Amino acid sequence: MGALLQVKNAGIQFGGLKAVSGFNMELNQGELVGLIGPNGAGKTTSFNLLTGVYVPTEGDILFNGKRLNGLAPYQVTRSGISRTFQNIRLFSELSVLDNVKVAYHSLAKHSILSSIFRLPSHFSEEKVMEEKSLEFLKIFQLDRYKDEKAKNLPYGQQRRLEIARALAASPKLLLLDEPAAGMNPQETHELMELIAFIRKQFDLTILLIEHDMALVMGICERIYVLDHGQLIAAGSPDEIRNHPKVIEAYLGEEVPSEHA
Amino acid sequence: MKKINKFWLFLILAVVIYGIGQALIQTGILNAFYSNMLILMIINIILAVSLHLVIGITGQFSIGHAGFLAVGAYVSAIITMKFELPFVLAIIIGGIVAALAGLLVGIPTLRLRGDYLAIATLGFGEIIRIVFLNIEYVGGAAGMMVSNISTWTSAFVCLVITILVISNFTNSRHGRACIAIRENEIAADAMGINTTFYKVAAFAIGSFFAGIAGGLFSHNFYIIQPTNFGFLKSFDILIFVVLGGLGSLSGSVIAAILLTVISTYLQQYPETRMIIYSLVLVVVMLYRPQGLMGTREITDFFGKKKSAKGGN
């Protein structure tokens, strides 16, 4: 099995609307791949297909050789795909530490009864969760906020926490949905460094949706381009930059010269 | 260490409160009317805390809680009156059957969200009541005679167990999972939490304790009738939780105590009772829309400041 993730002809139809169709993608272990496209091209929809939020109406999604179609999102996460969201979805009333602890949820095994009767397994596992979560916050330099409510963090830190939380679920593949949205150039630069760092640190494969071309062209090794729910191009940043179909999708068709 | 200290503190406090109550009742300082009010207060606290787990922690807006109260009340009454088995057994079985009813109602309805869930649970609560109304075995509309054997002791033991179990559940990975569902269901799902399982589990645990309260409730009066468990009863319980502050266990306890006392004293003024009661609610909601306690717990005011519950 070469590829970590294989998407074969996947698509989804909402009533008469084909949001995404004939979507093919292959991700190899350790790659950093970008997914771009104009607004409404189906980028987030394809993320939702990959993470089980939507069940594909056609095609197959294979992760590590295992079929993901029809699995619930929590099952997809447990099999090793974790994600962040375009509009930040933190547990805003929970503390920063607890946000990360929630992601460790499925790694602990103690049962409800064990917690209710406060059996030894409850204490030992909760302790491990606490220690691991703290370690994580340290890596992301969020430990000084650990008792703060997540909603009180500055925007850039909330993005950081969301990535930290997604990583705490110990994924092999991380999906980032517009991580740089709403960030200033300085924050975007820090984010690029962070992405490069976590990739090395956690031996990750990363797929990211992004509108910030500087970021995408700067860090992605390969890029897929979607438009109107169809894959229109795939290749290295240089190939994509000069691809006629991509230019057309973003800037419109070239107008015949007599109209000029 | 800190957790253990907290546990013993709670237990000592419980024993002290129990002792004071028992002494006041034994010496006759509190007459039958007031000791009855105390038991009713405990029943209301148990109901409030059990609904707090469903609405305040898991964020599932259920307004059919009186249905599970009814299941517990009738089942335990059948066990003591028809089978003549001991009261303790009756309360436990009442709770278990209520929990099963909770599973039965929860599995289909908890797929719904927000207002839809509220209406579905309201409907199920009414169905449970109508079922009892039509069973001749439990007296139908005329009601069922039950012996008055709920005591301050039995009620207080149930209360302590309820609070311990629900706060232990809340302060664990399971409680955190429930709070995560309340905060953002999609994100909770994406973090590997089986949201359906936890919603149903919280609902069943809540129903279990509503059933326990039902056992105490039916044996606190001489008769139970289906009209005791109408949707107005569900709203009473809902008001405890909302008034106390959604997400605060101590808040729902305080609200249940406060409102039980207010409504008991207002019984002297039957004409204006409901008006004053409603006014109290309106005033509190105007000046404390987040409820008496917000999402904080009473322990937050003593120990170190904590931002929200879920794991300590």
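Helices (H or I, at least four residues) and strands (E, at least two) are DSSP runs, numbered from the N terminus. The expected span of a helix is 1.5 Å times one less than its number of residues. The model is predicted: local features need pLDDT of at least 70, side-chain atom pairs count only at pLDDT 80 or more, and totals for chains, interfaces and linings use all residues. Residues are numbered from 1 along each chain as its sequence is written, while chains are lettered from A and ligands numbered from 1 in the order in which they are written.

**View 1. Helix H5 of chain B and its buried side.** Helix H5 (residues 114-133) of chain B consists of 20 residues and spans 29 Å from its first C-alpha to its last, close to the expected 28 Å. Its buried residues (20 or more other C-beta atoms within 10 Å of their own, with C-beta atoms placed from the backbone; 12 or fewer count as exposed, and values in between as partly exposed) are Thr121(B), Phe124(B), Gly125(B), Ile128(B), Arg129(B) and Phe132(B). They cover an arc of only 135° around the axis, which places them on the same side of H5(B); the arc is that of the directions from the helix axis to the C-beta atoms. On the other side of H5(B), the exposed residues are Asp115(B), Tyr116(B), Ile127(B) and Ile130(B). The cover over the buried residues of H5(B) includes helix H3 (65-81), helix H4 (87-109) and helix H10 (231-244) of chain B.

**View 2. The loop position of Asn148(B).** Asn148(B) lies in the loop between strand S1 (144-145) and H6 of chain B. Asn148(B) is exposed, with 12 other C-beta atoms within 10 Å. Residues up to four places away in sequence aside, Asn148(B) touches His219(B), Asn220(B), Phe221(B) and Tyr222(B), a contact being a pair of C-beta atoms, placed from the backbone, within 7 Å. The C-alpha atoms of Asn148(B) and Leu216(B) are 9.5 Å apart, although 68 residues separate the two along the chain.

**View 3. The side of chain B that touches chain A.** In this interface, 28 residues of chain B are in contact with 32 residues of chain A. Helix H6 (152-170), helix H7 (173-183), helix H8 (185-190) and helix H9 (195-218) of chain B each supply at least two residues of the touching side of chain B. H7(B) gives the most, with 7 residues.

Technical notes:
Two residues are in contact if their C-beta atoms, placed from the backbone, lie within 7 Å.
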